[in-house]
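Open the structure in your viewer and keep the selection tool at hand. This tour goes stop by stop.

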Amino acid sequence: MKRLLKYALSIAVMSGLAVTPVFAQTEIHVLDVGQGLSVLVESHGHYMLYDGGDRDKSSFVVSYLKEEKVNSLDYVIASHYDADHLNGVVGALNVFPVKQVFSPDYAADTRVFNSFQSVIETKAIDRKQPQVGTTYQLGDASFQILSPTGDKYSDPNNYSIGIRITDGDSSFLITGDAESDSEKEMCKTNLELESDVYIMGHHGSGTSTSWELLQKATPEYAILSCGTGNTYGHPHIESMEKLQDMEIQLLRTDKQGTIIASTDGTSITWNTDPCNDYSAGDINDKPIQPQKQGTEKQSSNVTANQATIGTEYILNTSTKKIHYPDCNSVKQMKEKNKKTTTESRDSLIAQGYSPCGNCRP
Ligand SMILES: [Zn+2]
Ligand SMILES: [Zn+2]
């Protein structure tokens, strides 16, 4: 595909036709690194790595880059210094020549941070915290720095370097593990946040993905990077409900593996269809037990009276969720996963189903 495009370009050049960047292709790979984040951005032979996942995925990230024919990296961004982002960055810095490292100006008292500092020193790589508002070129794409705007955060996640990548009309927002405090500051900068694709902040945690950010970004798609059965319960129900409310299509690495978005600057294509599986993680990761009669359900749920035998529910047989027929997620559900039932709510829960957090049956 790329070779064909190059061929088309050289024909265009030889025949004196105007060459427009519409042939250009930028790819965003959200690697399946389990509980962590790692994003490779490719544009016309130029590469940027944004985070590298945790220690156990470091060699996977390096071999993925090699398979993608990466010889050197134009930019490496270490969003912040938590292990689930930084370990694989150190791995990549050890293997590939790197022109520029961007990382925030704070120190962490950890082994991985020491390794990060020592590889930068040993290989004499230029490292700095980029200025918010500055734009950098990467092949036919460019990216603008959105955060951090402050320098005194109590939570290191808020130091995360947020960026917005654009190629033509296509745009992608990555905020690392920035929490809502930093998201609100991004909104105040008046920098453009509107993006086609939003790589969910902090693995879908409820402390990120604030309404403020979502309403400025108004993404059509969200990509979630998190690990199956992670102990943090990521993604949290609050974030998943916001996506559903705004009818944002969802792709997720824990269900679908590595996600690749490609753009020619006009439209975005995917290596896999959105799964639109908005189910939240479970902190205890235990199967949901049937509720006891006369407890939570009747005291807290105004619709409890409707939930008798005869009420019609729509089940998602893949995500094991119970919905009312008018729930937003029913519209997005794949036909093959959809099942209509009039069985009682309790009996469905006993079969392993759980009520949707949005329509709350
Ligand atoms: Zn993280
Ligand atoms: Zn973090």
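**The whole protein.** Start with everything shown. This is a predicted model. Its secondary structure comes to eleven helices and 19 strands. Of the 361 residues, 54% are buried.

**A helix pair.** Select residues 58-67, helix α2, and residues 83-95, helix α3. Their axes come within 8 Å and cross at roughly 45°, so α2 and α3 are oblique to each other. The crossing is right-handed. Now show side chains. From α2, Ser-58, Val-62 and Lys-66 meet Asn-87, Gly-88, Gly-91, Ala-92 and Val-95 of α3. Those contact residues divide into three nonpolar, four polar and one charged.

**Two cis bonds.** Most peptide bonds are trans. Go to Pro-148, in the loop between β8 and β9. The bond that reaches Pro-148 from Ser-147 is cis, with omega near 5°. Next, pick Pro-235, in the loop between β12 and α7. The bond from His-234 to Pro-235 is cis too, with omega near -5°.

**Two positive phi values.** Most residues other than glycine have a negative phi. Select Asp-51, in the loop between β3 and α2. Its phi is near 65°, a positive value. Is Asp-51 buried or exposed? Asp-51 has 0% relative accessibility, so it counts as buried. Finish at Asn-190, in the loop between α5 and β11. Asn-190 has a positive phi of about 65°. Asn-190 is exposed, with a relative accessible area of 65%.

Note on methods
Residues numbered from 1 in each chain as written. Chains lettered and ligands numbered in written order. Predicted model: local features only at pLDDT ≥ 70, side-chain atom pairs only at ≥ 80, totals over all residues. Heavy atoms only, no water. Axes fitted to C-alpha atoms, helices over the stretch in contact; angles between N-to-C directions. Helix = DSSP H or I, 4+ residues; strand = E, 2+ residues; numbered from the N terminus. Parallel < 35°, antiparallel > 145°, perpendicular 65-115°, else oblique. Left-handed = near helix turned anticlockwise from the far one by under 90°. Contact = heavy atoms within 4.5 Å. Nonpolar A, V, L, I, M, F, W, Y, C, P; charged D, E, K, R; others polar. Buried < 20%, exposed > 50% of the residue type's maximum accessible area, 1.4 Å probe, protein only.
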